[in-house]
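Let's work through some exercises on a pair of protein chains. Have a look at the sequence and the structure, then try each task before you read its solution.

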There are 2 protein chains.
Amino acid sequence: MSPSTLKPRPLNHRTHSHAPLFAALGDETRLSLLTKLSAGQQRSITDLAHNSPLTRQAITKHLRVLERAHIVRCTRSGRERLYELDPLPVQSLKNYLDALSNQWDAALTRLRTFVESEHS
Amino acid sequence: MSPSTLKPRPLNHRTHSHAPLFAALGDETRLSLLTKLSAGQQRSITDLAHNSPLTRQAITKHLRVLERAHIVRCTRSGRERLYELDPLPVQSLKNYLDALSNQWDAALTRLRTFVESEHS
DNA sequence: CTAATATGCAACCAAGAGGTTTCCCATGGA
DNA sequence: TCCATGGGAAACCTCTTGGTTGCATATTAG
């Protein structure tokens with residue numbers, strides 16, 4: 001087996017980091033907003049802020065965070081601003097986590113094989 | 001079709017939120033630490049801080065964040081503290097994202113079916 | 001024993017996040 | 001037209017985050 005077969009290629013995903021995406025998901029309020037939006041309907045800001053302990057302005061800020069991370073997109077309709085989910089980045093994150101855990105599994109497997117061959 | 005068939009069950013995952021996990025992953029430094037650890041070997045703090053623009057103490061803080069989120073665990077060996085990945089929460093996050101995008105897909109499908117039946 | 005190494009702890013700091021309040025603008029409907 | 005409604009902007013506050021420095025402690029090597 002050539003050494004290059006063993007090298008894991010350190011999972012950088014072309015330096016385009018997923019950290020901002022993760023950060024955008026790292027807040028309870030924003031996750032609950034995503035839950036509401038995952039029903040599939042476009043919702044206005046006031047609508048999303050309804051039945052929330054927070055102010056409309058707070059919800060607005062959270063929506064902007066989600067928008068900057070491209071987790072959510074928004075279109076204007078009259079005086080309303082309608083938000084909806086953007087399904088793509090979720091897929092991107094899943095791919096990243098897949099790569100991470102695959103690399104982890106592969107490392108464990110290599111380690112195990114090595115240890116076994118040492119003992120044979 | 002009964003209404004209960006349509007209801008999406010809002011994806012709460014027993015109130016145990018994933019926000020702290022996401023937050024722990026929402027930092028470039030921590031992601032790069034995870035990349036290093038994904039090679040599968042236990043690494044000491046000084047080892048992980050080597051070739052980093054940051055101080056050892058900064059790395060220590062980041063490792064503690066990862067530890068609190070149970071993304072990483074650590075064992076003491078002499079005067080060293082060895083960190084390694086904990087593969088479980090990654091799987092949990094993947095499941096969560098799967099649920100989210102499934103719910104999103106399902107909502108879209110229901111919406112489409114509804115629109116089509118309206119036009120028939 | 002002594003020196004070097006690996007880490008911990010505490011104080012401190014600047015910047016950002018999350019939230020509120022207040023006031024203003026635009027639009028839709030009566 | 002007039003007013004209720006949806007939303008934006010800015011100022012402000014507090015707590016957290018990400019980082020530093022300095023010093024103390026424990027363990028290993030010689």
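Buried area is the accessible area (1.4 Å probe) that two parts lose on being put together, summed over both. This is a predicted model, in which local features need pLDDT of at least 70 and side-chain atom pairs count only at pLDDT 80 or more, while totals for chains, interfaces and linings use all residues. Residues are numbered from 1 along each chain as its sequence is written, chains are lettered from A and ligands numbered from 1 in the order in which they are written, and side-chain values use heavy atoms, with hydrogens and water left out.

**Exercise 1. Describe the interface of chain A and chain B.**

Step 1: Start with the area. Together, chain A and chain B bury about 2900 Å², and carbon and sulfur atoms account for 70% of it.

Step 2: Move on to the residues. Chain A gives 34 residues to the contact and chain B gives 34 residues, where contact means heavy atoms within 4.5 Å.

Step 3: Look for charged partners. A salt bridge needs a side-chain nitrogen of Lys or Arg within 4 Å of a carboxyl oxygen of Asp or Glu. Between the two chains there are 2 salt bridges. A:D98 makes a salt bridge with B:K94, and their closest N and O atoms are 2.8 Å apart.

Step 4: Find the helices involved. In chain A, α2 (19-25), α3 and α6 (88-119) each provide at least two residues of the side that touches chain B. Helices here are DSSP runs (H or I, at least four residues), numbered from the N terminus. The largest share of that side, 13 residues, belongs to α6(A).

Step 5: Sort by class. The side of chain A that touches chain B has 21 nonpolar, 8 polar and 5 charged residues. Ala, Val, Leu, Ile, Met, Phe, Trp, Tyr, Cys and Pro count as nonpolar, Asp, Glu, Lys and Arg as charged, and the others, Gly among them, as polar.

**Exercise 2. Work out how α3(A) packs against α5(A).**

Step 1: Read the geometry. Helix α3 (residues 28-37) and helix α5 (residues 56-68) of chain A pack at about 80°, with axes 10 Å apart. Axes are lines fitted to C-alpha atoms, for helices over the stretch in contact, and angles run from 0 to 180 degrees between N-to-C directions.

Step 2: Name the arrangement. This makes α3(A) roughly perpendicular to α5(A), a label for angles of 65 to 115 degrees.

Step 3: List the partners. From α3(A), A:T29, A:R30, A:L33 and A:L34 meet A:I59, A:H62, A:L63, A:V65 and A:L66 of α5(A).

Definitions and conventions:
Angles under 35 degrees count as roughly parallel, over 145 as roughly antiparallel, 65 to 115 as roughly perpendicular and the rest as oblique.
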